[in-house]
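Please walk through this protein model, moving from one local feature to the next. The sequence and structure follow.

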Amino acid sequence: MAKKIYITRRIPEIGIKMLQDKGYELDINPKDRPLKEKELVRALGKKPYDAVLCLLTDQIGAKIFDSVPTAKIFANYAVGFNNIAVEEAKKRGVMITNTPGALTDTVAEHTVALILSLTCRIVEGDSFTRKGKYEGWAPMHLLGTDLKGKTIGILGAGRIGARVAHIVKNGFGMNVIYYDVARNEEFEKEYEAKYFGAVDEVLKEADVVSIHVPLLDSTRHLINKERLAMMKKTAYLVNTSRGPVIDEVALVDALKNGVIRGAALDVFENEPKLAKGLAKLDNAVITPHIASATEKARGEMAILASTNIIAFFEGKTPPNIV
């Protein structure tokens, strides 16, 4: 009998074809939006599914696991897995997998694009010009910040953090400092990076702070009112990790009051909602969680998620177990 898989939202065709070519029976959520918990419970209860391919927008907890006890693998189409109650999965003997590596370069490039958008005031300049306000070159208009010789503070020296360091060190001549839960001597050697054992120390010294940490209890509101106040008034904050790592209300206040010079966010604390006032700030650049949104990256994510399921069904160890 063919293995049955439920996919919570359509992913790139390459991943779907991999599963179909194996002869698996697929059911895909026909709605182009995340399913609410009740909807997902109802959908999963229709058949004895053997696997679920879920997305970061799906909240996978006890009720979901209980609705489909036959599924012993949930393949998350994401690097992060804060949307899944991993301990609940362990209790039920359910394997959780993710898709690391597929989006490293893509997210790093988007991060650097956000940094440049801030320091070169690209979004402000674009808006100013489109509104018909441009009347000619002026010596003091929309002055930005050069990156050469400035210091970037990387919070989280994993794959993406390292790639960002590579680009800004070699491309712009920035100095690199970093914080991570574990010191990374290879990272230090590669990028002449200086390690700090506390987040606070990085925040005080960096001209640009780029966040690349997973969302854990220990990183929720890692950047709060007190830590924003530690940063230089001329500093920029960039987040392409997870929204709740920053206290977004505190950030809006900091940007309004000149505590820091600017911020760029691709993720938000209560997605898709934004903190009140954020969208009106000229010194904030905001993108709709698209840091991994290239055909190549999303396709590779689909391949990894499907590969994890196929390996599991074939009695092998999936390459990306959480």
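What is the place of Pro272? Pro272 sits in the loop between strand 11 and strand 12. The coordinates come from a predicted model, and every value below is computed from them. The peptide bond that joins Glu271 and Pro272 is cis, with omega at about 5 degrees.

Glu271 and Pro272 also belong to the lining of the second largest pocket. This pocket holds about 550 Å³ of space. Its lining consists of 23 residues, and those nearest the centre are Leu56, Thr57, Glu271, Pro272 and His289. Sorted by class, the lining of the second largest pocket comprises 10 nonpolar, 8 polar and 5 charged residues.

Strand 11 and strand 12 come up again around helix 11. Helix 11 spans residues 248–256, and its buried residues are Glu248, Ala250, Leu251, Val252, Ala254 and Leu255. An α-helix has 3.6 residues a turn, so residues three or four places apart point the same way. The cover over the buried residues of helix 11 includes helix 10 (225–230), strand 10 (236–239), strand 11 (262–265) and strand 12 (284–286). At the N-terminal end, helix 11 is capped by Asp247, which places a side-chain oxygen 3.3 Å from the backbone nitrogen of Val249. After helix 11 comes Gly258, with a positive phi near 70 degrees.

Positive phi values are also found in residues other than glycine. One of them is Glu192, where phi is near 50 degrees. Glu192 lies in the loop between helix 8 (185–191) and strand 8 (194–195). Is Glu192 buried or exposed? Glu192 counts as exposed because its relative accessible area is 61%, and the cut-off for exposed is over 50%. His221 is not a glycine either, and its phi is positive at about 55 degrees. The loop between strand 9 (208–211) and helix 10 contains His221. With a relative accessible area of 28%, His221 is partly exposed.

The loop between strand 9 and helix 10 is also the place of His212. His212 has a relative accessible area of 13%, so it counts as buried, the cut-off being under 20%. Its side chain makes a polar contact of 2.7 Å with the side chain of Ser210. Leaving out residues up to four places away in sequence, His212 touches Thr111, Ile154, Leu155, Gly156, Ile160, Gly161, Val164, Thr240 and Ser241.

Another buried residue is Ile16, at 1% relative accessibility. Ile16 is part of helix 1, residues 13–21. Which residues is Ile16 in contact with, leaving aside its neighbours within four places in sequence? They are Ile7, Arg10, Ile11, Leu26, Ile28 and Ser306. For Ile16 and Ile28, the separation is 12 residues in sequence and 9.5 Å in space, taken from C-alpha to C-alpha.

The last topic is cysteine. How many disulfides does a search of the whole structure find? The search finds 0. A disulfide would need a pair of cysteine sulfur atoms within 2.5 Å. As for accessibility, Cys54 is buried, at a relative accessible area of 0%, whereas Cys120 is partly exposed, at 44%.

Methods:
Residues are numbered from 1 along each chain as its sequence is written. This is a predicted model: local features need pLDDT of at least 70, side-chain atom pairs count only at pLDDT 80 or more; totals for chains, interfaces and linings use all residues. Side-chain values use heavy atoms; hydrogens and water are left out. Buried means under 20% relative accessible area, exposed over 50%, partly exposed in between (1.4 Å probe, protein chains only). Helices (H or I, at least four residues) and strands (E, at least two) are DSSP runs, numbered from the N terminus. Contact means heavy atoms within 4.5 Å. A polar contact is a pair of N or O atoms within 3.5 Å; within protein, one must be able to donate a hydrogen and the other to accept it, and residues adjacent in sequence count only if both atoms are side-chain atoms. On a 1 Å grid over the protein atoms alone, a cavity is a set of points where a 1.4 Å probe fits but cannot get out, and a pocket is an open set with protein on both sides within 12 Å along at least five of seven lines; lining residues have an atom within 4 Å of a point. Grid points are joined across faces, edges and corners, and a volume is the space filled by probe spheres set on the points. Ala, Val, Leu, Ile, Met, Phe, Trp, Tyr, Cys and Pro count as nonpolar, Asp, Glu, Lys and Arg as charged, and the others, Gly among them, as polar.
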